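Work through the exercises below with the model open beside you. Try each task before reading its solution.

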Amino acid sequence: MDDMDKPVGELMDIDPAEAAHLTFLRRLVTVLTAVMIGGLLVLIVLFVTRFPSTDTQAVSFELPASITLPEGATPIAFTRGSDWVAITTQTEILIYDAATGDLRQTVTID
């Protein structure tokens, strides 16, 4: 009998109990692969359905034409709210009106 005609278990001298464990392990790997593929598909569907589409009405974020900082102030950060603009310096946070660019409030940083 040629080696190609023999079962794999006879060629490798695998115990039948060990072959059963290998079959169980192969099934576990197959199930894990299917679960991971299913989880990836669920994540893709959630991203597509939960994120807003491009045709929704976006909030307009127009900036004022100019903002005048106090003398010697160097901006290090900028943020934008619905109707305000904040510029952070080393010593204070300057809050400006988004429409006009007028200074609304100054918050001193200790």
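A contact means heavy atoms within 4.5 Å. This is a predicted model: local features need pLDDT of at least 70, side-chain atom pairs count only at pLDDT 80 or more, and totals for chains, interfaces and linings use all residues. Residues are numbered from 1 along each chain as its sequence is written, and side-chain values use heavy atoms, with hydrogens and water left out.

**Exercise 1. The surroundings of Ala98**

Task: Find where Ala98 lies, and list which residues Ala98 touches, not counting residues up to four places away in sequence.

Solution. 
- Step 1. Ala98 sits in the loop between strand S3 (92-97) and S4. Helices (H or I, at least four residues) and strands (E, at least two) are DSSP runs, numbered from the N terminus.
- Step 2. List the contacts. Leaving out residues up to four places away in sequence, Ala98 touches Glu62, Leu63, Pro64, Arg80, Asp83, Trp84 and Val85.
- Step 3. Check the cover. Ala98 is buried, because its relative accessibility is 8%. Buried means under 20% relative accessible area, exposed over 50%, and partly exposed in between (1.4 Å probe, protein chains only).
- Step 4. Compare sequence with space. Ala98 and Ser82 are 16 residues apart in sequence, and their C-alpha atoms are 8.0 Å apart.

**Exercise 2. The elements and the sheet**

Solution. 
- Step 1. Count the elements. The chain has two helices and four strands.
- Step 2. Take S1 with S2. Two strands pair if DSSP finds at least two bridges between them. S1 and S2 have four bridges and run antiparallel. Arg80 has Val85 in S2 as its bridge partner. Three residues lie between the two strands of this hairpin.
- Step 3. Take S2 with S3. Five bridges hold this antiparallel pair. Thr88 stands opposite Ile93 in S3. The hairpin that joins S2 to S3 runs through three residues.
- Step 4. Take S3 with S4. These strands run antiparallel, joined by five bridges. Glu92 stands opposite Thr108 in S4. Their hairpin has five residues between the strands, and Gly101 there takes a positive phi near 85°.
- Step 5. Look at the cover of S3. Five of its six residues are buried, so S3 is largely enclosed by the rest of the structure.

**Exercise 3. The salt bridges**

Task: Find how many salt bridges a search of the whole structure gives, and which residues they link in a network.

Solution. 
- Step 1. A salt bridge is a side-chain nitrogen of Lys or Arg within 4 Å of a carboxyl oxygen of Asp or Glu.
- Step 2. Count. The search finds two.
- Step 3. Take Arg104 with Asp83. Their closest N and O atoms are 3.2 Å apart. This pair links distant parts of the chain: Arg104 is in strand S4 (residues 103-108), Asp83 is in the loop between strand S1 (77-80) and strand S2 (84-88), and they are 21 residues apart.
- Step 4. Take Arg104 with Asp97. This salt bridge spans 2.9 Å, N to O.
- Step 5. Join them. Asp83, Asp97 and Arg104 form a network of salt bridges.
- Step 6. Compare the cover. Asp97 is buried at 19% relative accessible area. Arg104 is partly exposed at 43%. Asp83 is partly exposed too, at 39%.

**Exercise 4. Whole-chain totals**

Task: State what share of the chain is buried, and what share of contacts is between residues 24 or more positions apart.

Solution. 
- Step 1. Buried residues make up 13% of the 110 residues.
- Step 2. Among contacts with a separation of 6 or more, residues 24 or more positions apart account for 16%.
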